Amino acid sequence: MVSRVRVWLNRTYAENVFFMDQLRRNPDDRAVEIHATHGDPDSPVLAAADTAELEPEGLSPAAYVEYALTQCERRGIDVFVPRLHQAAVVAHRAEFEAAGTALLAPPPQAVAVFEDKVVAYQAVKAIGVPVPPWWRVRDADELVLAVEELERLGYRACFKPAAGAGGVGFRVITREPFSLAQLNGFPSPQVPLDLALEALRRAEEPVDWLVMPRLEQPEVSVDCLTGPDNHVRLAVGRTKNGRRRGFTLHERWLEPARRIAEGFGLHHLSNIQFRMLGDRPVLMDVNTRPAGGLHQLSLCGVNVPWAAVRLALGDDPGEIAPPFLGHDYTVVSGPRPLLSVTVPRQRTGASAVPGTLDALPAPAAPAEPRTASGALP
């Protein structure tokens with residue numbers, strides 16, 4: 001009898017409830033149990049998991065590694081998919097392997113390159129992948145110089161944190177004065193240059209921003225599955241143009257993504273994003289983790305989360321080509337159940353993890369739903 005696989009996701013995005021669904025519906029019909037931890041008791045991933053716990057707050061990276069090792073040993077984790085403190089976790093891969101846990105994440109040197117967007121752009125440019133012009137900005141004077149140079153080149157300037165993910169802190173610089181136009185309708189990412197400069201001059205500490213041109217659509221996110229031999233097993237582009245989404249296998253997107261994934265050893269799952277600068281695609285960002293929209297590749301007939309778990313366990317799935325490309329689609333929100341009890345909880349029955357304190361059964365009727373985004377054709 002084939003044993004079940006136990007997978008842990010830490011502080012992952014709400015959309016990864018679909019990642020979890022795909023693991024359970026794997027084509028090998030292998031039993032999968034999922035452990036989830038989060039800092040938010042109302043995260044949908046906690047309700048979707050077989051076992052769940054709230055994570056302690058305020059742990060240093062080193063202390064978090066100790067916490068993670070304890071989780072893996074106590075919960076019998078076979079595959080750990082780290083998002084929070086990924087760099088610290090992968091630096092201790094040997095210790096996790098000694099505990100019987102495989103890390104579904106790249107090696108530390110690959111993670112280190114892409115933690116800092118400026119370092120990443122320099123490294124990627126060195127291997128011949130086009131990147132936009134950029135400036136590292138830490139104060140008001142540097143911001144003025146960067147914006148003026150971009151405008152001289154005919155671009156609109158934008159900025160984002162040099163380290164960060166998910167579009168947090170992204171703003172587009174405008175020369176228009178602040179007015180009611182900024183207060184009407186929905187909030188905008190645009191910020192007047194004078195207000196940004198005033199905030200910088202009043203700040204007690206320097207910022208660390210990447211200033212670059214505002215890139216245009218389409219945006220293409222290439223999901224890659226790469227083996228420990230640095231060879232890409234799967235690469236599929238997900239296109240975004242306004243509300244419309246789709247898929248592509250065009251080499252103008254896949255070739256540079258493969259070059260990055262293989263050249264830097266982005267083992268397991270990564271997501272490499274491109275946008276247009278004029279008439280050519282340039283790198284926008286590299287994520288050394290599964291993308292929140294990875295599950296959308298199921299519309300192309302592939303179960304990438306399961307292939308990644310197999311690869312992490314040493315069961316190489318080989319090269320994977322989608323049997324077809326799905327129709328264009330859009331993404332909408334829908335309800336997902338939440339826990340109506342205080343975590344930690346564990347699955348009841350013979351498969352429950354023994355020795356867990358304060359174990360509670362999963363609720364039959366959650367108190368209220370929370371939304372997660374899913375793809376609809």
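These questions and answers walk through a predicted model.

Trainee: How many disulfides does the count come to?
Mentor: A disulfide needs two cysteine sulfur atoms within 2.5 Å. Cys224 is in no disulfide, and its nearest cysteine sulfur, that of Cys300, is 14 Å away. By this rule the count comes to zero.

Trainee: Is Cys224 buried or exposed?
Mentor: Buried means under 20% relative accessible area. Cys224 has 0% relative accessibility, so Cys224 counts as buried.

Trainee: What about Cys72, buried or exposed?
Mentor: The cut-off for buried is again under 20%. The relative accessible area of Cys72 is 1%, so Cys72 is buried.

Trainee: Which strands stand at the edges of the open sheet of five strands?
Mentor: The order is S13-S12-S11-S14-S15, with antiparallel pairing. An edge strand here has a single partner strand, so one of its sides is left without a neighbour in the sheet. The two edge strands are S13 (244–248) and S15 (280–287).

Trainee: What does the twist average from one strand to the next?
Mentor: The strands in question are those of the open sheet S13-S12-S11-S14-S15. From one strand to the next, the twist averages 25 degrees.

Trainee: Which residue is the bridge partner of Gly237 in S13?
Mentor: Strand S12 covers residues 232–241 and pairs with S13 in the antiparallel sense, over five bridges. In S13, the partner of Gly237 is Thr248.

Trainee: At what angle does helix H11 run to S14?
Mentor: H11 spans residues 304–312. The helix lies across S11 (216–226), S12 and S14 (268–277). Its angle to S14 is about 130 degrees.

Trainee: How many residues of H11 are buried?
Mentor: The buried residues include Val304, Trp306, Val309 and Leu311. H11 is largely enclosed by the rest of the structure, because the buried count is eight of the nine residues.

Trainee: At the start of H11, which residue has a side-chain oxygen that reaches the backbone nitrogen of Trp306?
Mentor: A polar contact needs N or O atoms within 3.5 Å. Here the oxygen comes to within 3.1 Å of the Trp306 nitrogen, and its residue is Asn303.

Trainee: Which residue takes a positive phi just after H11?
Mentor: H11 covers residues 304–312. Just after the helix, a phi of about 90 degrees belongs to Gly314.

Trainee: Is the pair of Trp8 and Tyr67 stacked or edge-to-face?
Mentor: A search of the whole structure finds nine aromatic pairs. In this one the ring centres are 6.3 Å apart. Planes over 60 degrees apart count as edge-to-face. The planes of Trp8 and Tyr67 stand at 75 degrees, so the pair is edge-to-face.

Trainee: And Trp8 with Phe80, stacked or edge-to-face?
Mentor: The ring centres are 3.9 Å apart. Planes under 30 degrees apart count as stacked. Trp8 and Phe80 have their planes at 10 degrees, so the pair is stacked.

Trainee: How many residues apart are Trp8 and Phe80?
Mentor: Trp8 lies in strand S1 and Phe80 in strand S4 (residues 79–81). The pair links distant parts of the chain, 72 residues apart.

Trainee: Is Lys160 buried or exposed?
Mentor: Lys160 lies in strand S7 (residues 157–161). Residues that Lys160 touches include Tyr121, Phe170, Asp208 and Trp209. Its relative accessibility is 12%, so Lys160 counts as buried.

How values were computed
Residues are numbered from 1 along each chain as its sequence is written. This is a predicted model: local features need pLDDT of at least 70, side-chain atom pairs count only at pLDDT 80 or more; totals for chains, interfaces and linings use all residues. Side-chain values use heavy atoms; hydrogens and water are left out. Buried means under 20% relative accessible area, exposed over 50%, partly exposed in between (1.4 Å probe, protein chains only). Two strands pair if DSSP finds at least two bridges between them. Helices (H or I, at least four residues) and strands (E, at least two) are DSSP runs, numbered from the N terminus. Axes are lines fitted to C-alpha atoms, for helices over the stretch in contact, and angles run from 0 to 180 degrees between N-to-C directions. Contact means heavy atoms within 4.5 Å. A polar contact is a pair of N or O atoms within 3.5 Å; within protein, one must be able to donate a hydrogen and the other to accept it, and residues adjacent in sequence count only if both atoms are side-chain atoms. Rings of Phe, Tyr and Trp (its six-membered ring) pair if their centres lie within 6.5 Å; planes under 30 degrees apart count as stacked, over 60 as edge-to-face and the rest as tilted. Lists of a residue's contacts leave out its neighbours within four places in sequence.
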